Structures are given as C-alpha cells and as structure tokens.
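Here are a few notes to read alongside the model. Have a look at it first, then work through the points.

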Amino acid sequence: MTAIEKDPVVEPAAVEAPRGRLAGLAPYATALRAAGGLLTVVGAYLPWATFVLNDGPYPEKATLEFFTAPLGVSGFRLHLLVFGIAAIVLAFVPAVPARGRILRALGWGVVAVSVVNGMYITTQGGGFGAITAADGAVAFGAIVALIGGAVLLVGAFAGGLEGHARWGRPLGRFVEWALLLVIYALLLLLVAAVLTSGGQGSVANPYSGAVFLSFLGALGGLLAALHSAGVVTWVTGMSERHRAYSAIVLLAVALLLPLTAAGTQYWMTVAANIGVYAATAIGLNIVVGLAGLLDLGYVAFLGIGAVVAANFSGATAARFDIVLPFPLVMVISAVVAGIFGAIVGSPTLRVRGDYLAIVTLAFGEIFVRSSQNNIGGLTGGSNAIPGIPPVTAFGQPFNESLTIGSVELPAGALYYFLIVVIVAAVMAVFGNLKNSRLGRAWIAIREDEDAARAMGIRTGPVKILAFMIGATLAGLAGAFFAHKTGTVSYESFRFLESVTLLAAVILGGMGTIPGAVLGASILFVLPEKLREFADYRLLIFGIALVLIMRFRPQGLVPDAHRRAELAPQSEPPPPDGSTGPAAAKVAAS
Amino acid sequence: MLSTLLSQIVNGLVTGALIGLIALGYTMVYGIIQLINFAHGEIFMVGSYGGLAMFTYLMPTAIQNQWYFALPLLLIAGAAVSVAVAVLMERFAYRPLRNAPRLAPLITALGVSVALQEAVRVFYPGATAALPFPKAFVEGTWEIPVPGGTVPLRWTGLLIIVTALVLTFALNTFVNNSRMGRAMRATSQDRDVARLMGIDPDRVIVLTFVLGAALAGVAGVLNGVDLGFTNIDLGFQNGIFAFTAAVLGGIGSIKGAVAGGFAIGLVKALGGQYLPGGTAYDYVWIFVVLIAVLVFRPQGFFGETERVRA
C-alpha cells in the first residue's frame, strides 16, 4: 500500500533525533521493526480464541492454517497480515521517505486491531483464558499480534521520526483527471466497505460492533500511513488544482453509492440520516468554526425546520390544512428557521464568549420545553406529529424502491439522492462563504473581535448573519428530516443532540467541510454499529469528548488557521491564560 | 388569595435555597479560573447518590430510622463522594487545559457532564429510573396561620433554608477572614501575582473545587431527603438553574449566588402559579430571565464592574 508510482520529490527532511529512553535502542531499530512485522504476521496465523463463543465462531476458530491455505485468512487477520508484511518490507528498504512515521502508523493500526479483537474475545469468551490457553487449547494470536504492534512502535520511535514526505510534481491535466477518477472510485468502495463492515448490528449478528471497530482501527492505521507517506497531501493538492472537476466527480460518486454493496434499504436509511446531520453540522460549522460563536442550542433550528415542514405536510396532526409541494416547504422551513436564527443571534450584540453559549443553550431549552407542551398546537407535544407523508415526485413516493430499466434502486435510495444534493448545496454555500468577504469577516471576529471592529468590520450584523445562515441550513435539513422519518417529536431535538452535533464539528475539525462530514458520519454511524454497547454509548461519548479536547483539540481534519491557533507545539503557549487574550497575544509576539 | 401567594413564596424560597447552595460552587469556580463548570450540576447529582449508597449499603439498620444519626452520615457521605469526584475531575479534565483557548474547557465540561451522568446510570444499581431516597428527617409540615388560611412549610424545606443560610455565612466568613480565603481572593484577582506572593494556585484551585463540591453534595442529599427520590437528570436541570442564579447574583459573588438562588426559586414558583401556561412553562420563565439578565445586566445584582470576556 505504500508503493509509490512516481519518483518522490523528497524534501531534505531532518530526522528527528530519537528521544529519551528509546535513544539507546537506535542501533537495533531495523531489527525491532522487522521483528514487530514478523510477530504481527505470526499473530495473524495463530489461533485467536480457545473455544467457539456462544453466538457462533468469532473469528472462525482458527488453527495454524498456513500450510493448507497460506492466503486463506480473512477479516481482521488479513489486515494484520498485510500490515505485518508491509512493516517487514519497510524495515529493509531505506529508500522510502518518512519510513519511521509510516511504521509508527502501522504499529498503531496493529495495536488497535489486536486490542479490539482481543478484548472482545476476552469479554465474550468469559475471561483471560479465551485468548491464552484453556481446556487444552492454546490461542495466543491476540497477544502475539499486540506484542508485534508494540515492538513495531518501539522500533519506529527508536529509529527516529522524519517529517511527512512531500512528493508529486504536477502531472499533465488529463493524467491527473484519470488518477483522481480512480482515487474517488476507490473512495466510494471504501465508504461502502466501512458502512457495511460487520453488517447490521442486531441480535442475529452480535459481532457487528467488534468487526466494525476492528475495521475502523485498521483503516485508521492505513490512512495515517498514507498520510505519512505524503499520499494524502498529494491527492488533496491534486484535487485542489482541479476543484470543479473534483466536485463533479465526487457528487457523481456519492450518487453511485446505492449501486455498491451498501445498496440496501437499511444502509440507505442510515446514509440518509448521516446526511441530515452532516448538513446540520456544516451549518453549525459556520457559527462555531468560522465565526467562533459557541452555539449550544443549535439543534433547535433543525427542530423548527422539521416542525414547519410537518405542519404543511397534510399529516392529520398538522395545525394547518394546507399541503404545499416539498420544494416550497423546504424554502419556508429554511426561512422560518433563519428568522429564529436572527432572534437567537441578536444577543451577540451585547454578550460574548461563555455567556453567549449559555444564552443559546437557554434558547434551545425554551424550544424543547415549548414543543413538549405543544405550544400553539404546532408541535404535537408528547404525542409528536406522526404520519407525515413521504415526498412524492412524478407519482413516485421517495420511500419506495424504483426500477429504471434493468437497475433496481433499493427503497430509500431516492431519499439518499435528495440528501446528497442537499448536502452538496450546503457544502457549496459553506465553501463559497468561507472564501468571501463575509467569511473573512467571520474569521477575523473569531480571532479577535475588537481588532476586527477596528479594521472596519461591522461586527453586529456580521455575527447575526452567521447565526441566520447557519439556522437556514439547519432548517433546510429539518424539512427533509420531517418527511424522511415521518414523525416529528421534541425528543429528537434535545440538548444532547446539540452537544453531539457540536462534538461532530469539533471531532472533524472546526471550520472545514470534510471535518464536519467526517465527524457527523463517525458520531452517527457508531451508534448504528455498536448496538450491543448501547448502554455505554453516551458514557464513551462523554469520555471521548474530554479526551479529544485534551489530545487533539484541532480535530481530525484541522483547518490551517485553527491548527496554528490550537496546537500547543506550534508556538510556545502563553504562560497563563487567566489574564485574558491581550496577555496571550503579548506573550506570543 | 393571600395564602396561595404566601405558599408559593415559601415554595420558591425552599427551591431557591437549594439552587443557591449549588450556585455557590459555580460562582467560586468561575471567580477563580473563569470556567463555567457545566459538570457542577452532576456533582450535585453524584452527591445525592453518594448519600443513597451510604444509606443502602453501609448504614446499620439500627440507626436507619433515627434521623439524628442518619442525616449527618448521609450528608457527610454525599459531600465526600462529591468532593472526590470533583477533585478527580479538576485534576484529569480541567487542569491540563488551563492555558488552552476558552472553548476547550467548556466543551470538556460538557463531556464530563455527560460522562458522569451516564456513569451513574450504568454503574449504580437501579439508577436507570428514579430511586426512592430515605426521608431522613422529621416528616410533615408546619402550618403557618395567615389571614384567610394557612401556609404549609415542610420541615425538610425549613431544614434546606436554614442549612443554606448557615453554610453561606460560614463560607463567606472563611473566604473573607481566613488565610486560605485571602489566598483564594488573591488568586482570583491575578494568578501570576498571587504566585509571586507565595501562593500555590493549584492548591487554591483544588480547594475551590472542594468547597463547591461539598456544598453541592450537601444540597444533593437535602434535595433527596426533601423529595423522597433522586434521579440522574436532576443534576443537569438544577445545574442550569444554579448557573442562572450565579449570573443573576453577579458571578464571583457569594452573597449574590444565594440571592440569585432565591430570586430564581421565586420566579419558578410564582411564574408557575401566575404566568400563562402554568407550571408546564415555569422552566421557560427561568430561561427567559437568564437571557434577559445576560443581555441587559451581565454583571448581575452584586457583580463588580464588568470584566473583559472574550
């Protein structure tokens, strides 16, 4: 996977000297790396469980099958095999740039995979015996692989880490187009594989969560390795050069998802739900990521959009007896949500920072309480508004399957197409705003409001606009949400949903489009996959939020500005934040 | 109806005293490190479960029915559990972020809040629903005669009001007159200069969390004794009310927190009685008050001149 087709343009990257206790191991780095890779391969072939779990074999109760079928490994053991071989190859090929970093990424991937599977077998198999030796059977696969990963990590650190590799001269336009097409097609397959990996979590399929997590761990290791090797930067650079082309191809690729393995009703529904939250998260990203205004009641705008749409849908519980066509309903929902956005945003004229966050939280709670009490007969109260009819176009309800020629689209695919278009539109709005005069004004306000005002930005209207536009986008998504789920209840718009959306934006990386989509996907796919851990879901979520702020506050896909602002290693931290931003600025200059 | 009005005022004062006790923790922590400790409401909730655990698992049955033994033990257990959780929270969640941008600790606090609530729900036996709490005090009400009827005041309600006033007085004395209190005030004014004067800011900050958590733990147990049950979602709700009270009174001010608590309690009781929508909307009125205060008088009743907040 780290094979490089073109000669890399290696910038003279200074090898970071091995640090601290590992410095003494530097002469053995190659040996350690190779040993780690070898142990990983051995671990992949060893049996992993001493007995068959109650719910059926997990994994297939493997013995040493190397002699009968050397490539007969599948699932997570295949991932380990590939990682191990890659590590061994890398250990002996000094020409590969950023070798230490790639090996470190592979090492973390191996550790993640073996820990997930080992822990799962341990807990489900009733104790430590399940992954060591019990009843005359031995199964040290998990432990050997874990040691392999650890040795790999030690070896990677001992040899010193280089900077990220940078490579790739611009190629001809058509070559790059072709390459991008291939890469995006691979991306589509990858997304389909992630969605379907482990299958649908249920009683009949109790292993879905573990399989999915293990796959995610392997994928994380792979992506980190590619990033270290400079592939990710190269691809991003290429797609930046062909922005319009990339946008069109990505849209087309997204629309092709129903034709892949993910093309069943269940996954289409999941994907459409993710789309709703991705669109909402992008809207929130305008308020939080660009303008730097923390909004803790944002999900209320999704709710307002949904309630408006429900009332014009012709459902029996609707307040108005008017049925409007869906596009018009969407516009009305967006406008109404936008008006509320301006109202919620108006205190920004006088309130800043933490206090503003509390004001937005208060507005969010007022919405929840009012809709719980069925205010004005508009929200259905605790009965919700059920029976909202599906969107229909040309006599085709969007929730049913459709056959065009020989291609049969699964039920829910039409909703999926619709939300893809909505998300694309929202992305276009965000992308253009970010680089506009208004977007620059938002970023200036985020960095320093007083300085922005001094530069001639009218901060009041600009901040209210941020709330308004963010709310409009959420309202749009809300109208879709109402029709797709068929029921609008205040339960869907509680404080926890706002926190989850905020977490999606932060996890992905504030101020970036891929970040918001990635964050929303992770936070809304995981609960679908981890049904068996449903009890612990929120607990893990809360702890994860704390850990992210502690170890990676800039998120998975950081914005360039943000990275400079939040990463402590890029500049010496101010000695003390207690005296406010002015002191921090002085300290940094 | 005079008696209805007075009854609602009494109800409001009881609620307000409880909210004031929680608000003290908010106001002290904010005063010293400018952090809205969102998880403080959960500290209150954890305290009530600490008291409950003491009663259920540790207390000899012989003294369970004698409130003059049981109540102090419950209060100590509640305060101890709250303090332990708060110290861990400060050490592992907030201290590493002390120099981070303002957004980071606030989001961390949200995470801690969710995690604490869920930890109790998952790990405390039976906490998935409301649990009965021992009524470890004199039951019944004091019927205060007024013209045209009587005003009922539960004995537990009186206990809450008296406890809140006594503890506030003690806290105020401590902060204003003791050596450690002076260190707290110095740290809240300027942490660096306080350090130069030989004060260890970390110790002072931990002490602040400890004091706030102890009060919240006591409030958690008293609330359980008064209501006769406890539930995991009481923390979030009362936490928001307490934050409102702290802001209303002027954040950083001890007197202000308690005064704000009483004001919020009265708004809740009287708003539920006399404003349109009735009790279903009493929360909404509190939030309306919160927004109005933040927009029009962010320094609150007793607040100092407005600080620069960014």
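1. Helices here are DSSP runs of H or I with at least four residues, numbered from the N terminus. B:Lys268 is found in one of them, helix H11 of chain B (residues 254-274). Before going on: this is a predicted model, where local features need pLDDT of at least 70 and side-chain atom pairs count only at pLDDT 80 or more, while totals for chains, interfaces and linings use all residues. Residues are numbered from 1 along each chain as its sequence is written, and chains are lettered from A in the order in which they are written.

2. Is B:Lys268 buried or exposed? Buried (20 or more other C-beta atoms within 10 Å of its own, placed from the backbone), because 23 other C-beta atoms lie within 10 Å. Beyond its neighbours within four places in sequence, B:Lys268 is in contact (C-beta atoms, placed from the backbone, within 7 Å) with B:Gly12, B:Thr15, B:Asp282 and B:Ile286.

3. Now take helix H2 (residues 40-58) of chain B, which packs with H5(B) at about 20°, axes 9 Å apart. That angle makes the two helices, H2(B) and H5(B), roughly parallel (under 35 degrees). Among the residues that meet are B:Met45 and B:Tyr49 in H2(B), and B:Leu116 and B:Val120 in H5(B).

4. H5(B) also turns up between the chains. The contact takes 41 residues from chain A and 41 residues from chain B. On the side of chain B that touches chain A, H5(B) gives the most, with 13 residues.

Terms used. Contact = placed C-beta atoms within 7 Å. Buried ≥ 20, exposed ≤ 12 C-beta atoms within 10 Å, placed from the backbone. Axes fitted to C-alpha atoms, helices over the stretch in contact; angles between N-to-C directions. Parallel < 35°, antiparallel > 145°, perpendicular 65-115°, else oblique.
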